[in-house]
Number of protein chains: 2
Amino acid sequence: MYEIFQKYLDEKTELTQAESERIQSFAIIKKLRKRQYLLQEGDVWKYDAFITQGCVRTYTVDEKGGEHVNNFSIENWWTGDRESLMMQQPSRFNIDAIEDTELVLFTHENFELLCKEIPAFNNMVNAILQRSFIAAQNRIQASLTLTAEEKYLNFINKYPGFASRIPQAMIASYLGMTPETLSRIRKQTAKK
Amino acid sequence: MYEIFQKYLDEKTELTQAESERIQSFAIIKKLRKRQYLLQEGDVWKYDAFITQGCVRTYTVDEKGGEHVNNFSIENWWTGDRESLMMQQPSRFNIDAIEDTELVLFTHENFELLCKEIPAFNNMVNAILQRSFIAAQNRIQASLTLTAEEKYLNFINKYPGFASRIPQAMIASYLGMTPETLSRIRKQTAKK
DNA sequence: TCAAACTCTTGATCTAGATCAAGTTTTTAC
DNA sequence: GTAAAAACTTGATCTAGATCAAGAGTTTGA
């Protein structure tokens, strides 16, 4: 499934044949079964990871055992724990597969090497980071200003297709509400 | 007050004399009085802005006129609206000064030029963005998992010094609660 | 220097969404 | 194919925090 990542690169950057090959030479293909962990709380995250197929969630577990979903990532997105990676510290997050998933991994060492060697690659990485940051800001904004119902409508509007492949309870958690509340909201909005 | 920005650069990067001068040649010094806008909703943001002195808030206004504070930025931090800047679209945010404030501005054109010309500068900018993203992720995490009281304690722990220079009502808004609730929490926690 | 305008506190009441508890439906795994 | 486990719904009740209201500081600016 490396072709999917290659296609992504081709869309986002202009690379020479040699550069493309250099990138591919570092790529590690990884497959996850549904429920399988990519990262477990307490481990140090060491990769840059691109999803070519499937869906993954990033979440924390509180003292009472409750799970809080921070993020979903699907094909053509990146995943991982930047904080753990940058600070070389144990992660507070778990990442596991919601569906059978395929990824392209780079060790961060190799990834940084690619960023240094290939300016176009570095620029692409920075552009992605910009967009991730903007998305995070918008999410904070939404959490401060929207009601539960508005958060849900905003979510399905922004990420159509997610609702059908991700269990409702996880979406509820991502939106900061209980599964019961989301169920009632869905019933409400279906009527309209 | 450019020296403060120069000091920041010296701490974060290794620049030649010529590079430092090149950067300074693009710098625009801007002063804001308390309450003065740096950016108003509907305008397109065109700068990269570093605060050398003072404090600024980024906020939105909802249909009912309620203000929602997204961010505070103080000296040695950056501010602005990345989304408006990147997409060249009217901003949904207002930014105004909580105290008399001094900034160093770069037009985004010049800023990008500096990034291209000076790799060390580009690297610094990317490192800042990384940290901003991590901070945003942590804020999302906190908003999903913490109670009102925990959010406040987390805030004063993370940003000691902010509480004394920013009006309580704005902090309450930033934390996603009403001023009344924050006032009661402070009374509560003072007792302990 | 003093009135107007903010800022913060405190109390009473209300409500969106949480929690608790049972079903019902769907998926999974042998 | 079917039993067990997940996933979802629905109802009853509860509660953290919101809203409304009024008073007590504190700042501000002419």
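(Helices, H or I of at least four residues, and strands, E of at least two, are DSSP runs numbered from the N terminus.) UniProt, in an unreviewed entry, labels residues 30-116 of chain A "domain: Cyclic nucleotide-binding"; its positions are given in the numbering used here, feature names are shortened, and annotations may be inferred rather than shown by experiment.

Before you click on, keep in mind that this is a predicted model, where local features need pLDDT of at least 70 and side-chain atom pairs count only at pLDDT 80 or more, while totals for chains, interfaces and linings use all residues. Residues are numbered from 1 along each chain as its sequence is written, and chains are lettered from A and ligands numbered from 1 in the order in which they are written.

Next, show chains A and B together. Here 22 residues of chain B are in contact with 22 residues of chain A (C-beta atoms, placed from the backbone, within 7 Å). On the chain B side, color β5 (67-74), α3 (82-87) and α5 (119-145), which each give two or more residues. The largest share, 14 residues, comes from α5(B).

Last stop: DNA strand D. Of the 16 residues around it, Pro167(A), Gln168(A), Ser183(A), Ala148(B) and Thr181(B) come nearest (near means a C-beta atom, placed from the backbone, within 6 Å). Now select α9(A), which supplies the largest share of this surface, six residues. Also giving at least two residues are α8 (168-175) of chain A and, from chain B, α6 (148-158) and α9 (179-191).

Definitions and conventions:
Contact = placed C-beta atoms within 7 Å.
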